[in-house]
Amino acid sequence: MRLFALAAASLAATLSLARVARSAEAVRWHLDGAGALPLGEPQAHEYGIGAAGRLGLEIPFSRALGGQLEVGGLWLPHTNAPVDPSIANHGDGIALPVMIGLRARPFFEVAGPWIDANAGYVRSGDLDRFGFEADLGYDWRLGTGRCDLGPYVGYLQIVQPKDALRPEDAHVLFVGIHIALGAERRPPPVIPAMAPPEPPPPLLEPVEPPRVVDRDGDGVPDSDDACPDVPGVHTDDPKTNGCPPAGDQVHVIKDRIEYDDVILFDTDQAHVHHASWPILQKLAQFITAHPDIEEVDITGYTDERGSREHNLALSQARAVAVKERLVFFGVATDRLTTIGYGESRPRAEGHSESEWRQNRRAEFIITKVKNAQGESTSLPQSAPPPKPQSTPPPKEGLP
């Protein structure tokens with residue numbers, strides 16, 4: 001019972017430190033397995049090479065420093081009787097440490113070298129002792145996930161009181177493998193778009209041209225404007241005349257922001273695939289560079305597989321995931337709305353993986369703009385979608 005009480009107290013202390021640090025980093029788990037070699041007498045004489053293992057919970061204060069709680073076990077096989085025949089043979093050596101400490105990564109944000117130092121309670125046989133340890137290791141990131149793996153060496157010292165029968169401290173050396181749920185890779189930094197320079201004031205009073213119908217006030221008559229409700233620029237292409245200038249792979253057609261790529265979603269998942277982050281960054285830069293686009297509705301879709309209720313919930317979750325990534329890349333959250341339409345309005349008709357992949361998508365519809373006079377205007381949707389209905393929690397599906 002004393003062991004569990006000390007473990008609970010250690011965990012509470014670690015969580016208190018985390019609240020003080022107010023870190024936004026996710027918790028990290030650590031698992032160690034090692035060979036254990038006793039050093040110094042009498043342990044080196046009485047015990048052979050054994051094994052040790054630890055499970056640790058780290059709560060980061062920053063990308064490079066965190067507080068941690070560790071629970072472990074140590075076993076050393078008995079090899080020789082004590083030199084002093086009056087001392088009884090206690091059999092194999094077993095210790096159960098519960099410690100708190102600090103873990104640091106001085107040079108790398110992801111994987112790389114690390115060092116930690118811990119102190120706390122050690123249950124050694126049937127005795128309660130104080131102990132401390134230090135470890136040094138180097139990790140490598142495995143694949144594109146958050147798993148780190150690498151070797152480490154460690155040292156444990158179990159302190160014996162001076163009035164004990166044998167007052168010599170126990171010293172143990174560890175050599176083993178460290179596995180960790182490490183830090184998440186940060187996305188590349190966002191490069192803000194440069195605003196166009198202000199035009200110089202006119203030298204002469206401009207002659208008022210004949211009045212023409214121009215709802216968005218961008219100087220392109222509605223009769224020639226491919227985007228009559230969204231302010232844009234004049235071009236020689238009838239398909240883009242009057243639309244906002246195209247960015248890299250991003251352009252506007254009527255009330256829709258189109259992009260020359262595909263936002264990837266895994267089957268039955270709402271998480272935006274890492275490969276689609278660059279196109280979302282370009283979309284965010286485009287929206288940020290056009291403040292006259294006041295509101296964009298993000299619509300999510302699934303393929304035809306799965307129940308209607310499940311698909312509606314999944315498509316809404318995909319739209320929300322896209323919004324969160326755009327906000328991460330700099331778009332104000334009040335400029336974005338979300339809605340999911342499930343498998344309705346597929347982009348590609350068919351029943352193969354190629355068509356399903358195209359239908360697992362997100363679209364961007366401009367719903368509110370600001371004209372040249374600074375007045376806000378809500379735009380009607382070009383094709384009203386079916387109204388989603390409230391549904392019970394979705395079942396497992398494959399859309």
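Predicted model: local features only at pLDDT ≥ 70, side-chain atom pairs only at ≥ 80, totals over all residues.
Figure 1. Strands of a sheet pair through backbone hydrogen bonds, in either a parallel or an antiparallel manner.

**Figure 2. Pairing of strands E4 and E5.** The view shows E4 and E5, which pair in the antiparallel sense over 10 bridges. Met99 has Gly120, in E5, as its bridge partner.

**Figure 3. The largest pocket and its lining.** The largest pocket has a volume of about 640 Å³. It is lined by 28 residues, of which Gln43, Tyr47, Ser124, Gln160 and Arg166 are the closest to its centre. The elements that each give two or more residues to this lining are helix H2 (43-46) and the strands E3 (65-76), E4 (93-104), E6 (127-141) and E8 (170-181). By class, the lining of the largest pocket comprises 14 nonpolar, eight polar and six charged residues. Rolling a probe the size of a water molecule over the atoms shows where empty space is left.

**Figure 4. The salt bridge between Arg105 and Glu58.** The side chains of Arg105 and Glu58 meet in a salt bridge, at 2.7 Å from N to O. The pair links distant parts of the chain, 47 residues apart: Arg105 lies in the loop between E4 and strand E5 (112-124), and Glu58 lies in strand E2 (residues 50-60). Arg105 has a relative accessible area of 10% and is therefore buried, the cut-off being under 20%. Glu58 likewise counts as buried, because its relative accessibility is 0%. Side chains of opposite charge can pair when their charged atoms come close.

**Figure 5. Two further salt bridges with buried partners.** In one of these pairs, the side chains of Arg141 and Asp148 meet at 2.5 Å, N to O. Both Arg141 and Asp148 are buried. In the other pair, the side chains of Arg305 and Asp303 form a salt bridge at 2.9 Å, N to O. Arg305 is buried, as is Asp303.

Figure 6. A search of the whole structure finds 16 salt bridges.

Conventions. Residues numbered from 1 in each chain as written. Heavy atoms only, no water. 1 Å grid on protein atoms, 1.4 Å probe; cavity = no way out; pocket = protein on both sides within 12 Å on 5 of 7 lines; lining within 4 Å. Points joined across faces, edges and corners; volume = space filled by probe spheres on them. Helix = DSSP H or I, 4+ residues; strand = E, 2+ residues; numbered from the N terminus. Nonpolar A, V, L, I, M, F, W, Y, C, P; charged D, E, K, R; others polar. Salt bridge = Lys/Arg side-chain N within 4 Å of Asp/Glu carboxyl O. Buried < 20%, exposed > 50% of the residue type's maximum accessible area, 1.4 Å probe, protein only. Pairing = 2+ DSSP bridges.
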